[in-house]
Amino acid sequence: MKLNERSVAHYATCDSPADHAGFLRKRVERHHHHAHHTTSYQRRWFVLKGNLLFYFEERESREPMGLVVLEGCTVELCEAAEEFAFAIRFDDAGAKAYVLVANGQAAMEAWVKALSRASFDYMRLVVRELEKQLEEACKSLAACRKSPRRSSSGRKRHLSNPALLPVQEKPAVLENGYCTWGSSGVPGGTSCPDRDGGYSKPPPLPPRRRSAAGSAAGSPMPSLSLALQESPVSPETACFSKLHNWYGQEIAVLRREWLERQQRGNL
């Protein structure tokens, strides 16, 4: 595989985040024609980006000294005189093997984990496993949608058996969040339980409006006298709609008288 040296060097030192980085001691093993050659350890700064492992002479170096492509290889612990050693070995018989030594147990485990997950072969296996899990989840969801819900069926059986229904007291009649005066369930028909659990008296009646002519004469108008024959708060007034209709009669009368005065003024 051919690599563009300038592009690779730029990628090694660009601002893209590294998957792992740190100092390691490195030596190279070569197996060629049954001969075994090794080099001495050298301390290098390693940077892992994707499946490319760069190593520099120093941390501040701007150009990498070498590159290891982590494809077709295995990362394993190795027996060496140095402690915390591991190796990168390739499948080819004549390929190099890189023996690396970390500064401690935690650093060695972190490097082995990062290097083992860097290859495209590992990513391919991860993608396949995730696709398999997604397919199983979709099948399970489709099966749950087809099967009847147990909660709904249980609810139907519960409602079909009157003996299982809870016994509830008859609630008081409410209008706009408040119980009506004289409704069933209210003591004496003259008071209503408030939010604190006590009983409050019915609200006072609003003052009745009189026309100017009626107040001057000292007696209500004949049209109003018909509308004032009954009290709006009576045992027969059990809902808000009746109260609304009662007070609406007075408003209708006053509006009709106002319209008549307007017509007479225009003439």
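The legends below describe close-up views of a predicted model. Local features need pLDDT of at least 70 and side-chain atom pairs count only at pLDDT 80 or more, while totals for chains, interfaces and linings use all residues. Residues are numbered from 1 along each chain as its sequence is written, and side-chain values use heavy atoms, with hydrogens and water left out.

**View 1. The largest nonpolar core has 20 residues.** A nonpolar core is a set of buried Ala, Val, Leu, Ile, Met, Phe, Trp, Tyr and Cys residues joined through side-chain atoms within 4.5 Å. Buried means under 20% relative accessible area, exposed over 50%, and partly exposed in between (1.4 Å probe, protein chains only). Residues with the most contacts inside this core include Leu48, Phe86 and Trp111. Among the elements that give it two or more residues are strand E1 (20-32), strand E3 (42-49) and helix H2 (105-116); H2 gives the most, with 5 residues. Helices (H or I, at least four residues) and strands (E, at least two) are DSSP runs, numbered from the N terminus. Apart from this core lies another, of 7 residues, including Val8 and Trp45. In soluble globular proteins, nonpolar side chains tend to be buried together.

**View 2. Phe23 pairs with Trp45 edge-to-face.** Rings of Phe, Tyr and Trp (its six-membered ring) pair if their centres lie within 6.5 Å; planes under 30 degrees apart count as stacked, over 60 as edge-to-face and the rest as tilted. The centres of Phe23 and Trp45 are 4.8 Å apart and their planes stand at 70 degrees. Phe23 belongs to strand E1 and Trp45 to strand E3, so the pair ties together parts that are 22 residues apart in sequence. Phe23 is partly exposed, at 22% relative accessibility, and Trp45 is buried, at 11%. The charged end of Arg43 sits over the ring of Phe23, 3.8 Å from its centre. For such a contact, NZ of Lys or CZ of Arg must be within 6 Å of the ring centre and within 35 degrees of the ring normal.

**View 3. Ring pairs link Phe46, Tyr55 and Trp111 into a cluster.** Phe46 and Tyr55 form a tilted pair, with centres 5.5 Å apart and planes at 40 degrees. Both Phe46 and Tyr55 are buried.

**View 4. Ala80 lies in the loop between strand E6 (73-77) and E7.** At 28% relative accessibility, Ala80 is partly exposed. Ala80 and Val101 are 21 residues apart in sequence and 9.4 Å apart in space, C-alpha to C-alpha.
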